[in-house]
Amino acid sequence: MGRSFLILGLQVLAGWSSWVWYAQRMRDGSDEPWGLLALLAMGLVLPRGARHPLEQRDLVRLAAVNTALVLTSPWMPPLLRAAGCVLSVTALVSRMTTGRGFHLGTWLLALLSLPVLSSVQFYLGYPLRLLAATLAAPLLNLLGVPAAREGLSLRIGSQAILVDAPCSGARMLWVGLFLAVTLACLLRLGPGRTLWACGLAVGAILLGNALRVCALTLVEGGHLAGPPWLHDGVGVTSFIPVCLSIAAICLWQRACQQTREARA
């Protein structure tokens, strides 16, 4: 095992610039340090098997990864470079503890541990807001409230209510995926079932965010009267059915996996 820890140390050293960038992003206020929660979850859910020595082919692969990280470091975007470092270290730790170098659940947790929330908000904020407004308009019509989407706004009569940045659902997307991946690890879902769970979870999150936008639109438009904290209360409570849906999705995938294993 001494050789394994030596390789791990070399791998961490090869990605030193990424670890420095990671720490700076966590402290500069540009991103919320939710990635630390994913790191903690990864350490808790990583299967604890017998320790396995590294084989020769593993050493060759890791040497190639370390060399690539060092050589491409000046030209790669920091986030992409950090993703490569995090995944390579995760693969090595998984290989040392379980005998497997690839475990999709822990790899996804490793990616979620990166400071990506501000980047998601920057690159996906507008599409998520547009999608939320597009889905919310017909839902409001189904509730008997005539609404039409105009850009990123929902028009109800003479009122135009903007779907602003906090309503993009970026935070809900991160938390929902984190919940789905963590449950997939705890339930020991296979790679295919994990991907299905994550895909269905994304659908539940997008629909849940559209329903939240509907409720907030009714509040802001004066169609729902309530205390001053109603706006925040709607935002929080709307995520509860999303979490329950994600849990149900993961349990369903676990049942499907067990059924398939029993037939095999």
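Start at L112, which touches G35, A38, W174, L177, F178 and V181, setting aside residues up to four places away in sequence. The model is predicted. L112 belongs to the largest nonpolar core, which has 22 residues. Within that core, L112 is one of the residues that touch the most other members; the others are L109, L114, W174, F178 and V181. At least two residues each come from α2, α3 (35–45), α5 (78–98), α6 (104–112) and α8 (170–186).

Now turn to the annotated spans. An unreviewed UniProt entry places "transmembrane region" at residues 33–50, 62–84, 104–123, 130–148, 168–187, 194–213 and 233–252. Take two of these in the model. Residues 168–187 are 85% helix and 0% strand, and their end C-alpha atoms lie 30 Å apart. Residues 233–252 are 95% helix and 0% strand, again with end C-alpha atoms 30 Å apart.

Next, look at S238. Where does S238 sit? It is found in the loop between α10 (230–237) and α11 (239–263). Is S238 buried or exposed? S238 is buried, because its relative accessible area is 15%, below the 20% cut-off. Leaving out neighbours within four places in sequence, S238 contacts M172 and R212.

Charge pairing comes next. Side chains of opposite charge can pair when their charged atoms come close. How many salt bridges does a search of the whole structure find? The search finds one. R155 pairs with E150, and the closest N and O atoms are 3.0 Å apart. R155 is partly exposed, with a relative accessible area of 29%. E150 is partly exposed too, at 42%.

L6, L10, L13, W16 and V20 make a nonpolar patch of about 520 Å². Two helices, α1 (2–14) and α2 (16–27), each give two or more residues to this patch. The largest share, three residues, comes from α1. Follow one member, L13, which lies in helix α1. L13 counts as exposed because its relative accessible area is 57%, over the 50% cut-off.

Technical notes: Residues are numbered from 1 along each chain as its sequence is written. This is a predicted model: local features need pLDDT of at least 70, side-chain atom pairs count only at pLDDT 80 or more; totals for chains, interfaces and linings use all residues. Side-chain values use heavy atoms; hydrogens and water are left out. Patches are made of residues with over 30% relative accessible area and no salt bridge: like charges are joined within 9 Å, nonpolar side chains (Val, Leu, Ile, Met, Phe, Trp, Tyr) within 5 Å. Accessible areas come from the Shrake-Rupley method with a 1.4 Å probe; for residues, only the protein chains shown count as cover. A salt bridge is a side-chain nitrogen of Lys or Arg within 4 Å of a carboxyl oxygen of Asp or Glu. Helices (H or I, at least four residues) and strands (E, at least two) are DSSP runs, numbered from the N terminus. Buried means under 20% relative accessible area, exposed over 50%, partly exposed in between (1.4 Å probe, protein chains only). A nonpolar core is a set of buried Ala, Val, Leu, Ile, Met, Phe, Trp, Tyr and Cys residues joined through side-chain atoms within 4.5 Å. Contact means heavy atoms within 4.5 Å. UniProt positions are given in the numbering used here, feature names are shortened, and annotations may be inferred rather than shown by experiment.
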